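Thanks, everyone, for making the time this morning.

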Amino acid sequence: MEVDLQGSETTTPGRKSQTAVTGSARKVKDNAADWHNLILKWDRLNDEGSTMANKMVNLGFNKSSQKEMQVMMAGQDTSASSNSENAFDNSRELEEECDKLLRVVDKMTRIVSKMEKLVSSEKGIIDLETFQYGTGGRQTPLFQTWPTSQFADVSSELYEAYKQELTLKRAILQELAHTTNPDLSMVYLSCWLYQPYTDDRAKLLLEGLLLETGHRPT
């Protein structure tokens with residue numbers, strides 16, 4: 001059984017009981033489970049944000065079309081008034097979606113902060129083993145084949161990938177509501193959805209971590 005970040009228990013394939021390992025191995029195993037949970041949460045937020053970003057793009061297109069219509073109808077008072085009301089409603093809805101996307105990015109920021117703490121935890125384990133075993137560190141692996149330093153390396157690489165992805169998300173958030181170029185809007189939308197910095201390598205790193213620590217069956 002695995003305790004998630006909210007304290008409820010969920011089942012993870014290959015997870016052993018809390019008494020199966022102790023000490024540094026226990027901490028590394030728990031950190032691996034935390035990586036799994038944080039990335040699952042990130043992916044759910046990415047899906048939510050993608051829906052909001054898509055709506056923002058569509059609202060932006062409508063806003064641009066309404067502005068063009070207002071210019072064309074400037075001499076017709078009734079049509080201009082109606083279009084002005086529609087533009088106001090559209091702008092308000094766009095602002096609401098932007099606020100929702102901002103809250104998603106804020107949650108992603110907190111996730112990346114927790115990832116950074118996992119990196120610090122792994123480095124702390126290395127420092128502890130250096131103190132216990134000397135500069136050569138532990139001679140036998142904690143689990144199957146990885147030296148302890150590899151857990152820190154993997155955690156650092158995952159963290160850097162998601163930190164870069166978060167920077168991209170923030171940039172997209174800033175630009176998306178103000179972009180009137182349809183092609184550029186679609187580029188932003190694609191970048192949000194497909195996450196160029198958390199590519200297949202990041203997925204392989206996570207799976208390798210879960211396999212090594214026994215969270216995935218070999």
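Let me begin with the elements: helices (H or I, at least four residues) and strands (E, at least two) are taken as DSSP runs and numbered from the N terminus. What you see is a predicted model, in which local features need pLDDT of at least 70 and side-chain atom pairs count only at pLDDT 80 or more, while totals for chains, interfaces and linings use all residues. Residues are numbered from 1 along each chain as its sequence is written, and side-chain values use heavy atoms, with hydrogens and water left out.

The chain has five helices and two strands, and, read along the sequence, they follow the pattern β-β-α-α-α-α-α. Of its 218 residues, 39% count as buried, where buried means under 20% relative accessible area, exposed over 50%, and partly exposed in between, with a 1.4 Å probe and protein chains only. The accessible surface comes to about 12,300 Å², 53% of it belonging to carbon and sulfur atoms; these areas come from the Shrake-Rupley method with a 1.4 Å probe, and for residues only the protein chains shown count as cover. If we take contact to mean heavy atoms within 4.5 Å, then among contacts between residues at least 6 apart in sequence, 76% join residues at least 24 apart.

Now to the pockets. On a 1 Å grid over the protein atoms alone, a pocket is an open set of points with protein on both sides within 12 Å along at least five of seven lines, and lining residues have an atom within 4 Å of a point. Grid points are joined across faces, edges and corners, and a volume is the space filled by probe spheres set on the points.

The largest pocket has a volume of about 270 Å³, and of the 18 residues that line it, Ile39, Asp43, Tyr162, Lys203 and Leu206 lie nearest its centre. Two or more lining residues come from each of helix H1 (23-72), helix H3 (148-176), helix H4 (182-194) and helix H5 (200-212), with H1 giving the most, six residues. By class, this lining has eight nonpolar, four polar and six charged residues, where Ala, Val, Leu, Ile, Met, Phe, Trp, Tyr, Cys and Pro count as nonpolar, Asp, Glu, Lys and Arg as charged, and the others, Gly among them, as polar.

The second largest pocket, with a volume of about 190 Å³, is lined by 15 residues, and Glu129, Gly137, Arg138, Thr148 and Ser149 lie nearest its centre. Helix H2 (77-133) and H3 each give two or more residues to that lining, H2 giving the most with three, and the classes there are four nonpolar, nine polar and two charged.

Which residues touch the most other members of the largest nonpolar core? A nonpolar core is a set of buried Ala, Val, Leu, Ile, Met, Phe, Trp, Tyr and Cys residues joined through side-chain atoms within 4.5 Å. Among its 45 residues, they are Trp35, Trp42, Leu101, Met108, Met115, Leu176 and Trp192. H1, H2, H3, H4 and H5 each supply at least two residues of this core, and the largest share, 13 residues, comes from H1. Leaving aside neighbours within four places in sequence, Leu176 is in contact with Ala53, Met56, Val57, Leu101, Ser185 and Tyr188.

Finally, Gln195, in the loop between H4 and H5, has a positive phi of about 50° although it is not a glycine, and Gln195 is buried, with a relative accessible area of 8%.

Technical notes
1 Å grid on protein atoms, 1.4 Å probe; cavity = no way out; pocket = protein on both sides within 12 Å on 5 of 7 lines; lining within 4 Å.
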